[in-house]
Amino acid sequence: MFLQELEYVNLKKILISYEEKGRGESIAFLNWFLENIFRLDSVAADDAICDRANDRGIDGLVVEHTLKKVLVLQGKIKQKESSIGDASLRELAGTITQLSDVDSVQALIDGGANEELKKILKRSNVKDLISKGYKVEGVFISNQPLDKNGEEFVRQDSSITVYDRRAIVSKYIDIEAEGGIEGEHVFDTSYVTPIVLHTSDRATTYILPVKALELIGMQGIDDGTLFSQNVRQSLGNTKVNKALMESVNDKKEHENFTLYHNGINILCEKAELKGDSLNIANYVVVNGAQSISTFKKLSDKLSEDLRVIAKVIQIQNPELSKKITINSNNQNAIKPRDLKSTNEVQLRLKKEFSHIENGIYELEIKRGQEQSEGTTLITNEEAGKLLLAYDLMEPESCHQVYRLFDDKYSDIFARPVVTAYRIIFLYLIMEKIKIVTPRIQPTPLSKYGLTRFFLMSVISELIKSDEVALVYSRSPAELFDDGKVEKFMDAIESILKLIVMDLNYEVENMGDKFDYKSDLKSPTKLRDLRSKLLQIFKKDVARGKAESLSDLLS
């Protein structure tokens, strides 16, 4: 990413999909920031945002449990080229005093702030966290650079962090960008003999455990130039980042760190063993930004025992360097999904797909799987979510991706009823749901990650209560054999349009009592809302105001 990409005209193009959620441009910018710089998933990013008037200066709120911090966010976009002085930062400093102690938080909850802000405070248990010693800090995000007054204020007030144009660009890494460090760095080898591998005349690789204390001495960590070719960057509230921080914080775990960590890759133009040291020149880290940045952030927690396996590659072939960069970054931490990619259940499903509808649907069971030309690809991750919402009636858990291939795996996939036909059947229903969700009001609710899965659970219950449709639900293959797929899906779309109208009415009627960011994760509240919507639909059918699914299929 380049600085000019955050200029207003260019930034507006980046924010199109975020503004489609019905948000103002500053909140859309904050949404983009949370997903791309803080690395939150779309549901967590939406949950963090307060996008209504009278938010008391709090545009968003993120809890960082590992660091025991409550982060209060403000996002500002400026259309004209200018700079950020200290006025906005002083305003944010005043804003975070509203969360200075338990009584202040309670006063904010009891006061005249908008209901969405109050719900975020309650949902995040801010009052309880502050009572446990969590610190409240401010994060200011802007597409303009800090001026001297702003920089001076940040130096004096450690409770405020600023992500201005320069900081954002340094944290947003483009694999195509040229860069790295022009200079030298030395690693101590007095306690180990590095493994040296020669790959013809194109590369020499040195493999050794290096101290974290040595890694944080490399140049370019703070401004990101050290990681200019690293696909993924360091920030985020991810599960991996939390585990990494916890291991660093616990000094008893330092000697075991090499057992847990995948290692880092460093490319350099020159590497040479000299006595008890490995000297490198003109280097770049292509895999390991998250680890090194975490070490830097927690430098006071490091010890001589904390080491990481480093692969230092001396290379001067640009094409081979790029290939190493891409491949090393594609070798992500092994996930439960990867472990299940060779599971017989997944292999059976994948093979079944090839025999249905002349193989026009394909199941992706492994990340990076090449898609056949002319096929519709359905990932087993999406399939798991569909089965979780439709069969298990747990739409509230569909954002917890790790559960699909972990503790819920057998319940979701390892059942006789789960066939390729069933997954395609649910996929086609979801395609109809995607058509009607833009009709949902308010717009942020229509774009929320769990909304479509809630509608899937509504359709599930509706189909199971309809004698004709239930036959096809139990055996989707019959729907294809009878040539009624299109008619069935058209009927589903017609009913969904009515359900969405009723949903809009119910949401409007509940007003501030409905907190979709919380309620769509509550099994009880989802069950009540689902029951209410289906009762309304059945009444409409009884009164002749709507056709039942059976009637539409006849």
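So, which strand do 8 bridges join to strand β2, residues 69-76? The partner is strand β3, residues 135-142, and the two run parallel. Quick caveat before I go on: this is a predicted model, where local features need pLDDT of at least 70, side-chain atom pairs count only at pLDDT 80 or more, and totals for chains, interfaces and linings use all residues. Residues are numbered from 1 along each chain as its sequence is written, and side-chain values use heavy atoms, with hydrogens and water left out.

Okay, the sheet. Helices (H or I, at least four residues) and strands (E, at least two) are DSSP runs, numbered from the N terminus, and two strands pair if DSSP finds at least two bridges between them. We've got 4 strands in an open, mixed sheet, ordered β1-β2-β3-β4. At the edges sit β1 (60-64) and β4 (160-163), each pairing on one side only.

Now the helix pairs. Axes here are lines fitted to C-alpha atoms, for helices over the stretch in contact, and angles run from 0 to 180 degrees between N-to-C directions. Helix α5 (residues 87-96) and helix α9 (residues 148-156) cross at roughly 30°, with axes coming within 9 Å. That makes α5 roughly parallel to α9; the cut-offs are under 35 degrees for roughly parallel, over 145 for roughly antiparallel, 65 to 115 for roughly perpendicular, and oblique for the rest. L89, R90 and A93 of α5 touch G150, F153 and V154 of α9, contact being heavy atoms within 4.5 Å.

The other pair is α21 (residues 420-436) and α23 (residues 451-464): about 120°, axes 10 Å apart. So α21 and α23 are oblique to each other.

A core is a set of buried Ala, Val, Leu, Ile, Met, Phe, Trp, Tyr and Cys residues joined through side-chain atoms within 4.5 Å; buried is under 20% relative accessible area, exposed over 50%, partly exposed in between, with a 1.4 Å probe and protein chains only. Beyond its neighbours within four places in sequence, I429 contacts Y390, M456, I459, I463, M489 and I492.

Last one: Y390 is among the buried residues of α18, a helix spanning residues 380-390 with 10 of 11 buried.
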